[in-house]
Amino acid sequence: MSADTSRPATPEDLKASEAVSPSSKLARFPAEEPLELDAGVRLGPWQIAYETYGELNAEKSNAVIVCHALTGDQYVASTNPVTGKPGWWSQMVGPGKPIDTNHYFVICSNVLGGCLGTTGPASINPETGQAYGLALPVITIRDMVRAQARLVDHLGIDTLFAVIGGSMGGMQVLQWAASYPERVFSAVPIAAAARHTSQNIAFHEVGRQAIMADPNWCGGSYLQQGQRPTKGLAVARMAAHVTYMSDESLHQKFGRNLQDRDNVTFGFDADFQIESYLRHQGMTFVDRFDANSYLYVTRAMDYFDLAHQFGGSLANAFKGTKTRFCVMSFTSDWLFPTSESRRVVKALNAAAANVSFVEIESDRGHDSFLLDVPEMFQTISGFITGAAHARGLPAPGEEA
């Protein structure tokens with residue numbers, strides 16, 4: 001389908017083009033270099049979109065991978081080409097930031113199954129010339145990490161100084177440490193878990209059903225039919241967004257305040273500010289994310305169970321590891337509560353791993369890891385500096 005050049009590009013146009021030919025860097029792998037997936041399928045050809053920040057040193061020993069969360073992307077510290085917004089972790093990554101790009105070479109890729117350039121359901125299926133849709137095999141967290149490992153190989157890097165990420169990004173960090181322990185010097189899983197709980201699976205299923213109930217979903221073939229399941233995707237985002245906040249943060253921000261009115265309307269318009277806020281979150285989300293990708297990445301999180309990969313023992317996932325860990329949780333995070341982080345720490349202790357753990361006081365819920373939480377920045381700065389000393393790297397503020 002050719003683009004209509006008589007009108008300005010819409011967010012949907014940008015989203016579609018970025019899914020296939022992203023503005024970021026791109027590594028392409030031909031059919032003869034397929035990616036082995038947990039589903040028992042060899043995916044090829046395939047591609048992975050990524051951004052880099054800073055410079056790789058001569059020893060190639062200062063590379064840091066940042067893993068993004070569910071609806072994140074590779075633009076961790078640079079402008080998103082679809083939304084025009086700054087990088088989603090620009091407070092954490094950049095010159096003089098806790099992950100200092102004056103000292104470290106930072107890599108962030110769009111996950112497998114995503115929608116901003118890495119092979120996903122909106123990518124072109126070479127067998128049909130149309131978007132994959134649901135013909136794409138189901139993806140796992142381990143598949144996402146395999147793809148990242150192939151990218152690291154492509155960049156000529158043997159070992160990583162650090163792997164860091166929050167939420168689904170934290171799951172990837174744990175998978176990196178378990179799958180490639182010899183390649184990961186330090187690991188920072190934040191607000192994450194070694195498995196997805198039944199409650200979290202339940203929330204994801206509500207979102208998926210909302211998408212699939214939208215008549216414009218068209219059985220997953222909406223791109224081929226020129227449709228957009230925006231209402232279903234918006235509802236999925238609204239439901240998920242509630243889980244990212246805490247009751248206290250919702251109360252502080254909205255309470256029971258009415259939206260642009262003095263009295264309730266005795267109807268079903270957005271009487272309350274929280275209703276208006278969620279509707280806005282839902283409708284802006286559909287301009288930057290693909291509905292089928294939402295199905296795929298939520299499913300990847302649901303399937304994640306690191307202990308299951310190692311005979312039911314989480315400690316076995318880290319047996320003999322030399323990786324240095326910093327595990328972090330937040331007091332008000334009920335989606336990935338501190339108990340899940342403690343479970344990871346207990347397994348690391350059982351494996352005699354080098355691990356530090358911090359529970360950070362925050363009333364902002366799961367999204368705390370994306371927000372301005374000074375104790376988080378201080379903790380990561382301190383851990384990264386200590387790891388740099390242990391690796392023989394100059395830390396920020398030190399001469400080489």
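**View 1. The predicted chain and its confidence.** What you see here is a predicted model. Its mean pLDDT is 94, and 96% of the residues reach 70 or more. Residues 1-6 are a stretch to treat separately, with pLDDT below 50. Beyond near neighbours in sequence, residues 1-6 have zero contacts in the model.

**View 2. An open sheet of eight strands with mixed pairing.** At the edges stand β1 (25-29) and β12 (354-360). Each of these two has a single partner strand, so one side of each is left without a neighbour in the sheet. On average, neighbouring strands of this sheet are turned by 20 degrees against each other, direction ignored. As a reminder, strands of a sheet pair through backbone hydrogen bonds, either parallel or antiparallel.

**View 3. Strands β5 and β9 side by side, with helix α3 lying across them.** Residues 63-67 form β5 and residues 160-166 form β9; the two pair in the parallel sense over four bridges. To find your place in this pair, look for I65, which stands opposite V163 in β9. Helix α3 (residues 168-179) lies across β5 and β9, and also across β10 (184-190) and β11 (324-330). Relative to β9, the helix runs at about 145 degrees.

**View 4. The cis peptide bond between G44 and P45.** Omega is about -5 degrees for the bond that joins these two residues. P45 sits in the loop between β3 (42-43) and β4 (46-53). For context, most peptide bonds are trans.

**View 5. F266, a residue with a positive phi.** Although F266 is not a glycine, its phi is about 55 degrees. Most residues other than glycine have a negative phi. You will find F266 in the loop between α6 (247-253) and α7 (273-285). Its relative accessibility is 81%, over the 50% cut-off, so F266 counts as exposed.

How values were computed: Residues are numbered from 1 along each chain as its sequence is written. This is a predicted model: local features need pLDDT of at least 70, side-chain atom pairs count only at pLDDT 80 or more; totals for chains, interfaces and linings use all residues. Side-chain values use heavy atoms; hydrogens and water are left out. Two strands pair if DSSP finds at least two bridges between them. Axes are lines fitted to C-alpha atoms, for helices over the stretch in contact, and angles run from 0 to 180 degrees between N-to-C directions. Contact means heavy atoms within 4.5 Å. pLDDT is the predictor's confidence in each residue, from 0 to 100. Buried means under 20% relative accessible area, exposed over 50%, partly exposed in between (1.4 Å probe, protein chains only).
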